[in-house]
Amino acid sequence: MRAAPQLSIGLPVYNGEKYLAEALDALLGQTYEDFELIISDNASTDGTTAICRRYIRQDSRIRYICQPHNIGAAPNHNFVLGQARGELFKWAGHDDIYAHDLLKCCVDALDEYPHIVLAHSWTALIDSSGQVTERVEYPLATASLRAPERFRSMLYGKAGDDLYGVMRTEVLRRASPHDSYHHADRTITTEIALRGPFYQVPDWLYFRRDHPDRAERAWPTMRARCANMDPRRADRLRHPAARLYGEYLWGYVAAIRRSPLSPADRQECYRYLAGWASSRALPGRTRRAGEPGPGSVGAPLWQASTSATARQPVRTDHTAPGDHDARAATD
C-alpha cells in the first residue's frame with residue numbers, strides 16, 4: 001500500500017438508504033483494494049447516516065463527511081473530488097452496482113496505456129430489484145487519437161456513463177468543476193475527452209440502476225433538475241431558462257478554450273460546435289447525418305431493448321459477456 005491510495009472514489013449521496021448498502025458492498029468487495037472511499041452525505045433526512053456509520057466501523061478505507069445543509073448535487077460532486085488523495089479518481093452513484101473486477105480492469109488499463117485519461121466499461125441497465133433491463137453498446141468514438149473526432153462524437157452521440165469512469169485526477173482537476181446548468185455533466189465529460197482518449201473495457205461491468213427515484217425521473221423538468229444540482233438555480237429571476245441553456249453552450253466553448261489543443265484542432269472543434277448549435281436552433285429540425293436515431297447503437301440509454309438476454313439478472317462478479325447467471329445483484 002502507498003501512503004496515499006492509488007485511487008480515490010467519491011460517493012455523493014442524499015437520502016440514499018434504499019440502495020446505498022448494495023452500492024457500498026459492491027465497491028468494498030472489489031478485487032482491486034488500493035482505494036479510499038469518500039462519502040459526502042448531503043444532509044440526508046432518511047437512514048443514510050446510520051448506514052454510513054455502520055460501514056465506517058467495518059472498513060477503514062471509508063471517509064465519511066456529513067454536510068451541515070444540502071449544498072446541491074453538483075457542489076457535492078466537487079466536494080468529494082476536492083477531498084481525493086489518489087492519482088486516480090472515480091465518482092460513484094449510491095444506487096448503482098459494480099462487478100467485482102470493474103476497478104481492477106479500469107486501473108490496469110490506465111497503468112498500461114499512459115495516453116488514455118479515462119477508463120470505464122460497458123453499461124447495463126438494471127431496475128429497482130437488480131434485474132438487467134438492457135445491455136448498452138458503447139456509442140461514442142472517445143478512443144480516437146484525434147481530439148476533434150472525440151469532440152464531434154460527444155456532441156452528436158448519446159452520451160454514455162463516462163462521468164462515472166476511473167479518471168486521472170490531475171486531468172479532471174484541470175477541467176472545469178461540475179456545474180449545475182442544463183446538461184452540465186455532458187460538458188465536463190466532453191472537456192475530459194478533449195484532454196485525451198478514453199478506454200472501454202469490453203464487458204458489462206457497470207450496472208446503472210434505473211428506478212422511480214433517479215434524478216431524471218424525480219426531477220423531470222429542466223428547471224427542477226438544475227435546482228437539484230444547485231438550489232440557487234430554482235430562482236427564475238437570477239437563473240432564467242435562457243441562462244441555463246446559454247451556459248450549456250458556453251460550457252462547450254470554454255472546454256475548447258481550456259483544452260491543450262493545436263490551433264487546427266481547436267478550429268475544427270469550433271466548426272463542429274457551430275454546426276451542432278445551429279442544427280438545434282432550427283424548429284422541427286431533422287436528424288443530421290451521423291446523429292443517432294431510434295434503434296441505433298447511439299440511441300438513448302432508456303430505449304427498451306429487444307435483446308434475448310435483456311431480462312437476465314445481474315451478478316457482480318466478473319464473467320464473460322452474456323454469461324451472467326440467474327440471481328439477484330448482491331455481493
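Where does Q67 lie, between β3 and α3 or elsewhere? In this predicted model, the answer opens our first close-up.

**View 1. Q67 in its loop.** Q67 belongs to the loop that runs between β3 (62-66) and α3 (73-83). Its relative accessible area is 11%, so with a cut-off of under 20% Q67 counts as buried. The side chain of Q67 meets that of S40 in a polar contact of 3.0 Å. Setting aside neighbours within four places in sequence, the residues in contact with Q67 are S40, D41, N42, A43, N76 and F79.

**View 2. Strand β6 and its surroundings.** Here we turn to β6, which covers residues 118-126. Eight of its nine residues are buried, so β6 is largely enclosed by the rest of the structure.

**View 3. β6 beside β9 and β8.** With β9 (residues 198-209), β6 pairs in the parallel sense over nine bridges. To find your bearings, look for S121, which stands opposite V201 in β9. The pairing of β6 with β8 (residues 166-168) is antiparallel and has two bridges. In that pairing, L118 stands opposite M167 of β8.

View 4. Strand β7 (residues 132-136) pairs with β6 in the antiparallel sense, over four bridges.

Terms used. Residues are numbered from 1 along each chain as its sequence is written. This is a predicted model: local features need pLDDT of at least 70, side-chain atom pairs count only at pLDDT 80 or more; totals for chains, interfaces and linings use all residues. Side-chain values use heavy atoms; hydrogens and water are left out. Buried means under 20% relative accessible area, exposed over 50%, partly exposed in between (1.4 Å probe, protein chains only). Two strands pair if DSSP finds at least two bridges between them. A polar contact is a pair of N or O atoms within 3.5 Å; within protein, one must be able to donate a hydrogen and the other to accept it, and residues adjacent in sequence count only if both atoms are side-chain atoms. Contact means heavy atoms within 4.5 Å.
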